[in-house]
Amino acid sequence: MREAIDELIDVVAPPQTAEEILAHPELLREVEVILSGWGAPLIDEAFLAHAPCLRAIFYGAGSIRGFVTDALWKRGILVTSAQEVNAIPVAEYTLSAILFSLKHGWRLAGQARQQQRFPTRDGVPGVYGATVGIISLGMVGRHVREFLRPFHLHVLVYDPYVSHTEATELDVSLCSLEELFHEAQVVSLHTPLLPETTGLIRGTHLSSMRKGSTFINTSRGGLVRHEELIAVLEQRSDLHAVLDVTDPEPPQPDSQLYTLPNVTLTPHISGSLGSERRRLGQVMLEELQHFVAGEPLRYAITRERLSLMATP
């Protein structure tokens, strides 16, 4: 991939960390294009003062929210990100978690290990005809909905930005957040973490879930009031939470999230890992090829679009 990049542009320096580039800003003097990933430096006025020729940033990772500023938009600098592609493994993780949850796999596997016998399978809902709730149809949520199509499920959605016409096209039923938690056997959270969505998921939502239901969070821990989540899970041993993200992340060493039998914690693995990261670089290489050829970019991000995107 590096060879393909070298054929398109002149690379002025070897890969730099954010700290290294800030220590040697003279490297930016003639730079027109920046290729970056997780750990990008803040692109503010001070940074841009050293990069008078900068025209475009190609971000081979997720959300750009962590490094863009008003100064960048004022300069009219083009930004493109692999966030949409990074949504694919998150949706794949979510699909696997939803299907396993509908088999009560987490609970039964834990009980089999603890009891050293096969527990009863009473109350397992199964997949066919089950009701799944998706909170927010952003990049990940839409992939999840598409991945669920072969499984003959009833899909509920809470998303204030989705019209009834679009819901019909997606074959989902729009409802309130309260109704979604009350009706769905699995609830999957995909809302971006914004000031207005912080603490969106309350204990009252979780406590209203049907017996044997599962809550999945692959978005951001700050969307959930964890003290209330823990309190509900202590009282409702029939519920299960699958958490790939927490707040704080990781949880404090004494957190009950480590010890509650009805919690499955994974260490933020739903996003791109291993070979999946090569896909992020590949799509940014393709974007660079379009840029050099003067063609439109597929994953360009505007200031308006950013307002609805998740945190990094």
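**View A. L243 in strand 9.** L243 belongs to strand 9, which spans residues 240–243; helices (H or I, at least four residues) and strands (E, at least two) are DSSP runs, numbered from the N terminus. The model is predicted, so local features need pLDDT of at least 70 and side-chain atom pairs count only at pLDDT 80 or more, while totals for chains, interfaces and linings use all residues. Residues are numbered from 1 along each chain as its sequence is written, and side-chain values use heavy atoms, with hydrogens and water left out. L243 is buried at 1% relative accessibility, where buried means under 20% relative accessible area, exposed over 50% and partly exposed in between (1.4 Å probe, protein chains only). Leaving aside neighbours within four places in sequence, L243 is in contact with F215, N217, L229, L257, V263, T264, L265 and T266, contact meaning heavy atoms within 4.5 Å.

**View B. Packing of helix 5 and helix 12.** Helix 5 (residues 83–102) and helix 12 (residues 276–292) pack at an angle of about 155°, with their axes 8 Å apart; axes are lines fitted to C-alpha atoms, for helices over the stretch in contact, and angles run from 0 to 180 degrees between N-to-C directions. Helix 5 is therefore roughly antiparallel to helix 12, a description that applies to angles over 145 degrees, whereas those under 35 count as roughly parallel, 65 to 115 as roughly perpendicular and the rest as oblique. On the helix 5 side the contact is made by V85, N86, I88, P89 and E92, and on the helix 12 side by E276, R279, L280 and V283.

**View C. Two cis peptide bonds in one loop.** D247 and P248 are joined by a cis peptide bond with omega of about 0°, and P248 lies in the loop between strand 9 and strand 10 (263–265). The bond from E249 to P250 is also cis, with omega near -5°, and P250 is placed in the loop between strand 9 and strand 10.

View D. Q116, although not a glycine, has a positive phi of about 55°; Q116 sits in the loop between helix 6 (105–115) and strand 4 (131–135) and is exposed, with a relative accessible area of 74%. D171, likewise not a glycine, has a positive phi of about 60°, and D171 is found in the loop between helix 8 (164–170) and strand 6 (173–174), where D171 is exposed at 51% relative accessible area.
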